[in-house]
Amino acid sequence: MKSLIKNNILKSSISVILILFFQISCQSVFSYDVMSDKEILDIKNEAFALYSTNNKEEALQMLNRIPQNRRDEDVFVIIGNICDDLGQRGVAIENFNKASQVSSKAYKAYYNIGCILLKKKSYELAQKNFKMSIKCNKDFPYAYYNLASCYIAQEQYSKAKGQLVKAISLKADDKDFYINLAYCYKMLGNDKAAQKIIDSLNKVKTST
């Protein structure tokens, strides 16, 4: 009789444990992805607004609420930008790499990695990322401009000139593009072309 009671208690204990395990498993499964698309969109919009007003830490806190498996290219890029601004370049590159994994057209991610590497004077690696950015989006002028900056730093002025001409063809109102192009012409020994660009910039300056 005693053994029967013990067996019943044991069976009851096992049942309780199995039920608790099942409940915990269900909670972990169903809580893994509980956010609706609208909730995620609202978080993104609020975080982007905070970032645009320079409230970086608050924006980062908002974006970190989004589960990893629900983060798109834009979320990873903004998190990367914030981390870069905060001096966390390793974490920034990690997020930019994640952006490139979730989207085959993540030109901003490659561009931002290139900018970090350019600051670190890792010119060869920076070039690769700017080229990947251009491959993803051939109409993004700043990738050409910063690729040219890599070439200028390596004194490859002819290559830099070609990239700057392309950047200007896509965005003709950025003064820095022309200044760097004039510098390339000067370093290539074409003072006349360099001066022509400077004169045209001065004319625009005086007319405004």
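What is the volume of the largest pocket? It is about 220 Å³. Before you look, note that this is a predicted model: local features need pLDDT of at least 70, side-chain atom pairs count only at pLDDT 80 or more, and totals for chains, interfaces and linings use all residues. Residues are numbered from 1 along each chain as its sequence is written, and side-chain values use heavy atoms, leaving out hydrogens and water.

**Stop one: the pocket.** Select Ala-172, Asp-173, Asp-174, Lys-175, Tyr-178, Ile-179, Ile-198, Leu-201, Asn-202, Val-204 and Lys-205, which line the largest pocket. Here α10 (175-187) and α11 (191-207) are the elements that give two or more residues to the lining. The largest share, five residues, comes from α11.

A pocket is an open set of points on a 1 Å grid over the protein atoms alone, where a 1.4 Å probe fits, with protein on both sides within 12 Å along at least five of seven lines; lining residues have an atom within 4 Å of a point. The volume is the space filled by probe spheres set on the points. Helices are DSSP runs (H or I, at least four residues), numbered from the N terminus.

**Stop two: Gln-163.** Select Gln-163 in helix α9 (residues 157-170). Gln-163 is buried, at 19% relative accessible area (buried means under 20%, with a 1.4 Å probe and protein chains only). Now show its contacts (heavy atoms within 4.5 Å). Not counting residues up to four places away in sequence, Gln-163 touches Ile-134, Tyr-144, Leu-147, Ala-148 and Tyr-151.

**Last stop: Cys-184.** Select Cys-184, which is buried with a relative accessible area of 0%.

Definitions and conventions: Buried < 20%, exposed > 50% of the residue type's maximum accessible area, 1.4 Å probe, protein only.
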